[in-house]
Amino acid sequence: MTSDALFGVHVPACEECNAVLDTTIEKPAKPVVRQLLAHQSSPDELILTADECAALARWLLKVGLLSAHPAAEHDHPGVQRDQDLPKLAAVRAEWLDWMRTGSALPTGFSVFITRRDLRGEDAEPPQKQQIVLPRLIVDGEHRNFMSRSFGFAGVNATIVWHPGWPIEHAQVDVGRAARLWPDPDEVDFGALPPVHPKEMAFWDGSIGVVAVSAEQLERLAEHPLSVDSDPATAFFGNVYAPHE
């Protein structure tokens with residue numbers, strides 16, 4: 001599988017899988033990616049339909065997963081030798097099965113995009129926001145919550161795996177980012193302002209292990225993961241009253 005020439009990374013796959021990937025991911029996303037590359041830093045309107053957002057989400061999710069796959073081979077030798085290059089600690093079957101079969105994206109994923117300043121002149125934000133992703137174990141099963149952020153010309157993308165616990169994204173709420181998945185909707189990419197990649201980030205597994213039952217997770221999920229929430233606080237009962 002090849003993520004894209006922009007990223008120069010490959011993961012071994014059979015001919016049949018590559019054919020499915022090309023038909024269901026690469027070809028639908030190619031015209032959308034070309035629009036974004038041509039748009040650059042223009043403030044002009046660039047409307048992406050719901051279908052185009054869904055196609056872009058599939059392609060970005062594929063790029064994010066394959067570029068961090070333990071078996072990934074990067075075209076650039078310096079990147080391949082980089083010991084600090086992020087790698088997925090685990091690779092769940094459902095993260096890759098949809099690529100092989102051409103099926104819908106797993107419901108546990110979210111895909112977000114922001115615009116990036118191509119001139120590199122945006123100052124680092126004085127205040128940074130974080131959304132904490134807990135190391136969640138549900139009825140003995142590790143859910144492997146994780147995020148990956150990466151970019152290409154004019155676009156920053158973040159993919160997040162968070163099955164069973166919704167996300168309330170502060171930048172989406174104020175028009176500084178767009179959610180491509182789930183529930184893709186029409187987006188005017190040209191209306192998004194340039195956003196520094198450090199303005200908001202996801203913190204993976206920064207509060208230790210949270211072990212709950214499926215029933216407890218349903219209660220926790222009533223309070224979406226957000227910059228204003230703390231999964232550890234929710235777990236210990238300080239977000240909702242014990243009698244609720």
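**Entry 1: Phe-112**

I started with the surroundings of Phe-112. Beyond four places in sequence, I found Phe-112 touching Asn-156, Ala-157, Thr-158, Val-160, Ile-167, His-169, Val-172, Ala-178, Arg-179 and Phe-202. I am working on a predicted model. Phe-112 lies in strand β4. Is Phe-112 buried or exposed? Its relative accessibility is 3%, so I put it down as buried, the limit being under 20%.

**Entry 2: Leu-61**

Next I went to Leu-61. Helix α2, residues 50-67, holds Leu-61. I read a relative accessible area of 0% for Leu-61, so it is buried. Which residues does Leu-61 contact, once neighbours within four places are left aside? I listed Trp-98, Leu-105, Phe-109, Val-111 and Ile-159. I then took one of these partners, Phe-109. The C-alpha atoms of Leu-61 and Phe-109 are separated by 8.5 Å. Along the chain the two are 48 residues apart.

**Entry 3: the nonpolar cores**

I turned to the cores. In soluble globular proteins, nonpolar side chains tend to be buried together. Here the largest nonpolar core has 40 residues. Within it, Leu-56, Trp-59, Leu-60, Leu-65 and Ile-113 have the most contacts. I checked which elements give two or more residues to this core: α1 (15-39), α2, α4 (93-101), β4 (109-115), β7 (146-152), β8 (155-161) and β9 (178-181). Which element gives the most? The answer is α2, with nine residues.

Not counting residues up to four places away, Leu-56 touches Val-32, Val-33, Leu-36, Leu-48, Ile-113 and Leu-180. There is also a second, separate core of 18 residues. Ile-167 was already on my contact list for Phe-112.

**Entry 4: α1 against α2**

I looked at how α1 and α2 are set against each other. Their axes come within 8 Å. The crossing angle is roughly 110°. That value falls between 65 and 115 degrees, so I call α1 and α2 roughly perpendicular.

Which residues meet here? On the α1 side I noted Leu-21, Thr-24, Ile-25, Glu-26, Pro-28, Ala-29, Val-32, Val-33, Gln-35 and Leu-36. On the α2 side I noted Glu-52, Ala-55, Leu-56, Arg-58, Trp-59 and Lys-62. By class, the contact has 10 nonpolar, two polar and four charged residues.

**Entry 5: Arg-92**

Arg-92 sits in the loop between α3 (77-81) and α4. Is Arg-92 buried or exposed? Its relative accessibility is 13%, so Arg-92 counts as buried. Its side chain makes a polar contact with the side chain of Glu-94, at 3.1 Å. Setting aside neighbours within four places, I found Arg-92 in contact with Glu-141, His-142, Arg-143, Asn-144 and Trp-161.

**Entry 6: backbone checks**

I went through the backbone next. Which residues does a cis peptide bond join? They are Trp-181 and Pro-182, with omega at about 0°. Pro-182 is in the loop between β9 and β10 (187-188).

Asp-183 is in the loop between β9 and β10 as well. Asp-183 is not a glycine, yet its phi is positive, about 55°. Asp-183 has a relative accessible area of 68%, so I put it down as exposed.

Gln-40 is not a glycine either, and its phi is positive at about 50°. I located Gln-40 in the loop between α1 and β2 (47-48). With a relative accessible area of 34%, Gln-40 is partly exposed.

**Entry 7: whole chain**

The chain has seven helices and 11 strands. It runs to 244 residues, and buried residues make up 45% of them. I then took the contacts between residues at least 6 apart in sequence. How many of these join residues at least 24 apart? The figure is 74%.

Notes. Residues are numbered from 1 along each chain as its sequence is written. This is a predicted model: local features need pLDDT of at least 70, side-chain atom pairs count only at pLDDT 80 or more; totals for chains, interfaces and linings use all residues. Side-chain values use heavy atoms; hydrogens and water are left out. Helices (H or I, at least four residues) and strands (E, at least two) are DSSP runs, numbered from the N terminus. Buried means under 20% relative accessible area, exposed over 50%, partly exposed in between (1.4 Å probe, protein chains only). Contact means heavy atoms within 4.5 Å. A nonpolar core is a set of buried Ala, Val, Leu, Ile, Met, Phe, Trp, Tyr and Cys residues joined through side-chain atoms within 4.5 Å. Axes are lines fitted to C-alpha atoms, for helices over the stretch in contact, and angles run from 0 to 180 degrees between N-to-C directions. Angles under 35 degrees count as roughly parallel, over 145 as roughly antiparallel, 65 to 115 as roughly perpendicular and the rest as oblique. Ala, Val, Leu, Ile, Met, Phe, Trp, Tyr, Cys and Pro count as nonpolar, Asp, Glu, Lys and Arg as charged, and the others, Gly among them, as polar. A polar contact is a pair of N or O atoms within 3.5 Å; within protein, one must be able to donate a hydrogen and the other to accept it, and residues adjacent in sequence count only if both atoms are side-chain atoms.
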